[in-house]
Amino acid sequence: MRRALTGLCLLLSVLLLPRAWALNAGLGEPPVLDRQTPYAAAQGFSAAVHRGDYALAAHYLDLDFIPPAEQKARGPVLARRLKFVLDHKLPTALASLSKEPQGNSEGARYDQIGVLTVGEASYPIRLASVPAAGGRVWVFGEATVRAIDPLYEEYGPSTLGEVLPPWFFDKPVLGLELWQWLGAVLTLVGAGVLCVVLEKLSLGVLGQLAKWTSNGWDDALVPACKGPMRLLYFALLGALGATLLLLPPTSRFLATHLFTSLLIVSVAWFVLRVLRVTAQFVQQSVSKEGKDAARARGLHTQLAVLRSVFEAATYLIAAALLLMQFETVRNVGVSLLASAGIAGLVIGLAAQKSISSLLAGIQLSITQPIRIGDTVIVENEWGTVEEITLTYVVVKVWDERRLVIPIPHFLDKPFQNWSKGGQTMLGPVLLLVDFTVDLDALREELRRILENEGKALWDGKVATVVVLEVLDRTMQVRALVSAHPSNLFDLRALVREKLMVYLRARPEWLPTTRTESRSAAAQPAPTPASEQAQPPPPATPRA
């Protein structure tokens, strides 16, 4: 029995020995290759075809169904064609192959990458374990190699590429064949020209459509599309051209992320334009309606703050979408969010003030304790609110300085808003005069000043002169005038100056210090009347 089994083993080895030495006999003796596992064979094939060594890549194919005399010529051609099929339809499937010599866990002699269809026919893409010199090796199976030609006709380059001279397909340069480099240049140039033409045509059509509507918002929005629309067309045309070029995985990765990034940027750019145009349109519409200036300033403040909020959200979303394209960044972000609870708490506490300022800016835009254009006194400085952002307010001080104040200051601390409420404020002018001043004449002079020199500043409502206080030597008079908050300071200064000119012409009305002195030697003290009424004492008789 033992002799029979030994003989059977010898017979099988003799029968299989020619097959072992005859694998791809027409290609010659194979170089040192790693074909011990499906994964190693697939990666070796991919590395060879992408550096243009199709003769070496042919050793990863089972070509025994081809006559040995034709294998050397047909093998590199089939390897090149399989490269395009895999790159176009199964770019990431090679990484899922088994790294064990026995293949998949079922113990089969093949490991399947995927299944491709052409019409109603299905073609499985497999690596098979076949006998070779020194043992069994993994190569693309015979059925897969037979399916390369029909798959290439369906998924390979167009016939336009095949009519180019052969040297366009001989050897890749930096991973791309020469016809692909030519196509990439034509794609970029063509996309650059066509995006300009398509933008002009689109703007013309949109402009005509906007004229048919009575709303002026779309008329202002159409010109804002210039720029973002061109970038959008360029990204779409570039992505289409990159798809037709059948780029290898690395180049396709770069092209895809480049044009996707341009697409995201174009959309974000367009959103920012829409926000700007919408804010301007609403502001101009309110101004044309001729409504009160306070309401217009309030609306301007709300639009400015809301526009800042939406712009910040647009930038944030655009940046997130740009980063989400990259698997490494996305995985790192997910890992950090999942495992950095304490770090997140620390960051949240550190950002508490920033978040508080952001919410304070939103609250200020809603409650509006101040508005753009309001006259305020804050930090003992008089000025006009020039700019309101999400985190700070810029106040233009009277001497042209800019006072930058954090938003929470206007919610936590008191300040004066001269523009809040009515459009009139009262301003006093204090003067020190003599007790002999004619107050009626002073009132007439104040009225004259306001109706002549101060006519452009005075609102015509309040003009009074009253005695505010009587001191020991002078009298304090208050002249009270009314004006718009922005004109009140100038009016008070004008009234003060003109009244002083009026008083200088009448020096007797200016404060006067009175003193009175007497000489005790020149004027004896008067004798009291009680003493004058008494008779003189009688004379004393002499002894």
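Let's start inside: the largest nonpolar core has 37 residues, and those touching the most other members are Phe45, Leu61, Leu63, Ile113, Ile125, Leu127 and Phe140. A nonpolar core here is a set of buried Ala, Val, Leu, Ile, Met, Phe, Trp, Tyr and Cys residues joined through side-chain atoms within 4.5 Å; buried means under 20% relative accessible area, exposed over 50%, and partly exposed in between (1.4 Å probe, protein chains only). Keep in mind that this is a predicted model, in which local features need pLDDT of at least 70 and side-chain atom pairs count only at pLDDT 80 or more, while totals for chains, interfaces and linings use all residues. Residues are numbered from 1 along each chain as its sequence is written, and side-chain values use heavy atoms, with hydrogens and water left out.

Several elements give two or more residues to this core, among them helix 2 (38–50), strand 1 (110–118) and strand 3 (135–140). Helix 4 gives the most, with six residues. Helices (H or I, at least four residues) and strands (E, at least two) are DSSP runs, numbered from the N terminus. A second, separate core of 28 residues includes Trp418, Leu439, Leu442 and Trp458.

Thr375 sits in strand 4 (residues 375–378) and counts as buried at 4% relative accessibility. Five strands form an open, antiparallel sheet in the order 7-6-5-4-8; two strands pair if DSSP finds at least two bridges between them. Strand 7 (402–406) and strand 8 (416–417) each have a single partner strand, so one side of each is left without a neighbour in the sheet. Further in, strand 5 (residues 381–388) and strand 6 (residues 392–397) pair over five bridges, with Gly383 opposite Val397 in strand 6.

Now for the charges: the whole structure holds 13 salt bridges, each a side-chain nitrogen of Lys or Arg within 4 Å of a carboxyl oxygen of Asp or Glu. In one of them, Asp149 meets Arg81 (3.0 Å, N to O). Asp149 belongs to helix 6 and Arg81 to helix 4, so the pair ties together parts 68 residues apart in sequence. Another joins Arg230 and Glu199, with the closest N and O atoms 2.9 Å apart. Finally, Glu386, Lys396, Glu400 and Arg402 are linked in a network of salt bridges.
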